[in-house]
Amino acid sequence: MSTSKDSNADQPTNNPSCDWWRTQIIDMQPGEIRYHGYPIEQLIGNLSFSQMIWLMLRGELPGPGQGELLDAALMSGVDHGPQAPSIAIARMAASCGVGLNNAMASAVNVLGDVHGGAGEQAVGLYQTIAALIDQGTDLAEAVEQGVAEQIANHGKFIPGFGHRFHPIDPRAPRLMELVRQAASAGTVDGRYAEIAEAIEAHLERQKGKRIPMNIDGATAVIYAELGFPAPLARGLFCLSRSVGILAHAREQTGQGGRNKGPIPRELIWTYDGPEQRNLSDS
C-alpha cells in the first residue's frame, strides 16, 4: 500500500473541529485575517469594495480596468424607486416597525425570476448564442436560434430588453459606452456586447419596432464580458439593489409612517368573489 502524502489527500482527517467547514476564502488565526491569502491589513485602503467583491468571488484580484467595470455595473442598479417591488417591500416592512435588517431581508427575498432575475437570464442567453458561434454558426443565425429557443422555453419576454417604464432605459447606453471603452483598452474582448446589440437589432426586425436594451441586458453584458457565470449575475444584482433597499428602509423609518400597505388605505381592492351568504343557509 502506498504511503505517499498524495494518497491520503482526499481522505477525511481526525480533526472534526477544524474540518467541519472547509473554505478557500478566508484563513483566520488570533490576530490574523487573510482573504484568499491576502492579509486584511494590506487590502484595507488599497482595494475598493467592488475589487473586494471580485476577490471574494473569483479568488484573485481583478486586472486593470476590470474592477472599475464591475463597479459601474453594481452602482447602476442600486435603486429604481418604490414602483420596484423590492424597494416598496423594504418601505412597507420598515413601516411595520421592524429593524433595518428585517426590512432588507424582506426585500431581497423577492428578487426572483421575474423581479431581479433578468440579468442572470440574459447572461445565459448571451452564453447560449456564444456557444452556437463557437460551433461555427454565424452571429445572425446564432441570435435567431438563441432568441427562438428562449421564447419556446420561457415565453415571449426576452430578458434584458424592453422596459415597462422607460422608453429607453437611461442606464443602458452609458454602460454599453463603458463596455466599448473597455474593449478598446483590451480589458474585455467585446463579444458579448456584439451579441447583445445583435439581439436588439433582431428584435427590432422581428417586432417592427425597437425593443431597447435595459439595465439588466447591459449589466449582463458586463458580467459576461468579465467572465462571471450566469447565477452570479443575480447575486451581484442582489448586492447592488441592497444599497437602495437600505436607503429606502432607513428613509421610511425616519418618516415614521405606520402600516403603509401597497395602496393608500382609502382605496379598497376589487372583490370578485361570491355575494354575501349566510352560514345558516348552507
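1. Of the 282 residues of the protein, 38% count as buried (under 20% relative accessible area; exposed is over 50%, and partly exposed lies in between, with a 1.4 Å probe and protein chains only). The model is predicted: local features need pLDDT of at least 70, side-chain atom pairs count only at pLDDT 80 or more, and totals for chains, interfaces and linings use all residues. Residues are numbered from 1 along each chain as its sequence is written, and side-chain values use heavy atoms, with hydrogens and water left out.

2. The protein contains 12 helices and three strands. These are DSSP runs numbered from the N terminus (helices: H or I, at least four residues; strands: E, at least two).

3. The radius of gyration is 24 Å, whereas a compact globule of 282 residues would have one near 19 Å. The radius is taken over C-alpha atoms, and the globule rule is 2.2 Å times the number of residues to the power 0.38. Along the principal axes, the C-alpha trace spans about 85 × 55 × 45 Å.

4. Of the contacts (heavy atoms within 4.5 Å) between residues at least 6 apart in sequence, 70% join residues at least 24 apart.

5. The protein exposes about 17,400 Å², and carbon and sulfur atoms supply 54% of that area. The areas come from the Shrake-Rupley method with a 1.4 Å probe; for residues, only the protein chains shown count as cover.

6. Asn278 sits in the segment after helix H12 (230–255). Asn278 is partly exposed, at a relative accessible area of 40%. Asn278 and Gln83 are 195 residues apart in sequence, and their C-alpha atoms are 40 Å apart in space.
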